[in-house]
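Colleague: I'd like to learn how to read a model like this one, feature by feature. Could you walk me through it?

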Amino acid sequence: MIYIREIVNDWILGLLVAEGIPLLALIYYLEHRRRMYLLEKGCLIMESPEKRTERRLCNGLFLMLVGAFVLSMPALANIFRIEMRPTIEQVLTGFLIVSAGLSLILGTILLQKARTPLRQHESYEPQDHTVPDAGRGAVWK
């Protein structure tokens with residue numbers, strides 16, 4: 001069975017947009033509702049850095065896999081004997097999604113490295129650079 005390639009390409013991208021964006025909006029809406037409910041009850045919302053790091057890595061991996069899927073669609077279609085050639089829009093969309101995922105993963109790795117304290121050289125002697133306490137109500141000039 002042979003389909004017209006424009007219809008298949010438009011169908012794939014339309015499916016991603018028609019299902020992906022509303023699902024993402026629902027997830028963000030539910031997260032917002034949960035935070036607002038906790039704030040109304042007086043709970044302080046503190047998110048640990050480990051949890052944020054894990055979420056960023058998961059989002060980056062998800063975006064990279066979706067981009068790889070969009071880029072590999074013509075090869076997958078050929079397996080099922082569907083004639084499909086990639087359009088420039090499909091290739092650009094795939095590379096954009098992969099780039100977004102890769103930037104999330106690399107950014108998370110760089111942030112983790114920035115949080116780890118640097119080792120000090122053995123000959124380093126810490127010096128006191130504190131400002132003397134002026135007391136309450138003092139005016140600095």
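**Reading the model**

Modeller: Helices here are DSSP runs (H or I, at least four residues), strands are E runs of at least two, and both are numbered from the N terminus. Bear in mind that this is a predicted model, where local features need pLDDT of at least 70, side-chain atom pairs count only at pLDDT 80 or more, and totals for chains, interfaces and linings use all residues. Residues are numbered from 1 along each chain as its sequence is written, and side-chain values use heavy atoms, with hydrogens and water left out.

Colleague: Is Ser-72 buried, exposed or partly exposed?

Modeller: The general idea is relative accessible area: buried is under 20%, exposed is over 50%, and partly exposed is in between (1.4 Å probe, protein chains only). Ser-72 has 29% relative accessibility, so it counts as partly exposed. Its C-alpha atom is separated by 9.5 Å from that of Val-91, 19 residues apart along the chain.

Colleague: How many helices and strands does the protein have?

Modeller: There are 3 helices and 0 strands. Reading from the N terminus, the order is α-α-α.

Colleague: And what share of the residues counts as buried?

Modeller: Of the 141 residues, 13% are buried. The accessible surface, from the Shrake-Rupley method with a 1.4 Å probe (for residues, only the protein chains shown count as cover), comes to about 12200 Å². Carbon and sulfur atoms hold 65% of that surface.

Colleague: Which residues does Thr-53 contact, leaving aside its neighbours within four places in sequence?

Modeller: A contact means heavy atoms within 4.5 Å. Thr-53 lies in helix α2, and with those neighbours set aside, it is in contact with Thr-108, Gln-112 and Arg-115. At 7% relative accessibility, Thr-53 counts as buried.

Colleague: What about Leu-16, where is its place?

Modeller: Leu-16 sits in helix α1. It counts as partly exposed, at 31% relative accessibility. Leaving aside neighbours within four places in sequence, Leu-16 is in contact with Ile-21 and Val-70. The C-alpha atoms of Leu-16 and Val-66 are separated by 9.3 Å, though the two are 50 residues apart along the chain. For the protein as a whole, take contacts between residues at least 6 apart in sequence: 70% of them join residues at least 24 apart.

Colleague: Now salt bridges. How many does the count come to?

Modeller: Side chains of opposite charge can pair when their charged atoms come close. The rule asks for a side-chain nitrogen of Lys or Arg within 4 Å of a carboxyl oxygen of Asp or Glu. By this rule, the count is 2 salt bridges. One joins the side chains of Arg-34 and Glu-31, at 2.7 Å from N to O. Both residues lie in helix α1, 3 residues apart, about one turn of the helix.

Colleague: Which residue does Glu-31 meet in the other one?

Modeller: Arg-35, with 3.4 Å from N to O. Glu-31 and Arg-35 are 4 residues apart in helix α1, so about one helical turn separates them. Because the salt bridges share partners, Glu-31, Arg-34 and Arg-35 form one network. As for accessibility, Glu-31 is partly exposed at 31%, Arg-34 is partly exposed at 38%, and Arg-35 is partly exposed at 29%.

Colleague: Last one: how much space lies in the largest pocket?

Modeller: First, the rule. On a 1 Å grid over the protein atoms alone, a cavity is a set of points where a 1.4 Å probe fits but cannot get out, while a pocket is an open set with protein on both sides within 12 Å along at least five of seven lines; lining residues have an atom within 4 Å of a point. Grid points are joined across faces, edges and corners, and the volume is the space filled by probe spheres set on the points. Here, the largest pocket holds about 990 Å³. Its lining has 27 residues, and Gly-20, Leu-24, Tyr-28, Phe-62 and Leu-63 lie nearest its centre. The elements giving two or more residues to that lining are α1 (5-40), α2 (49-79) and α3 (88-115), and α1 gives the most, with 14 residues.
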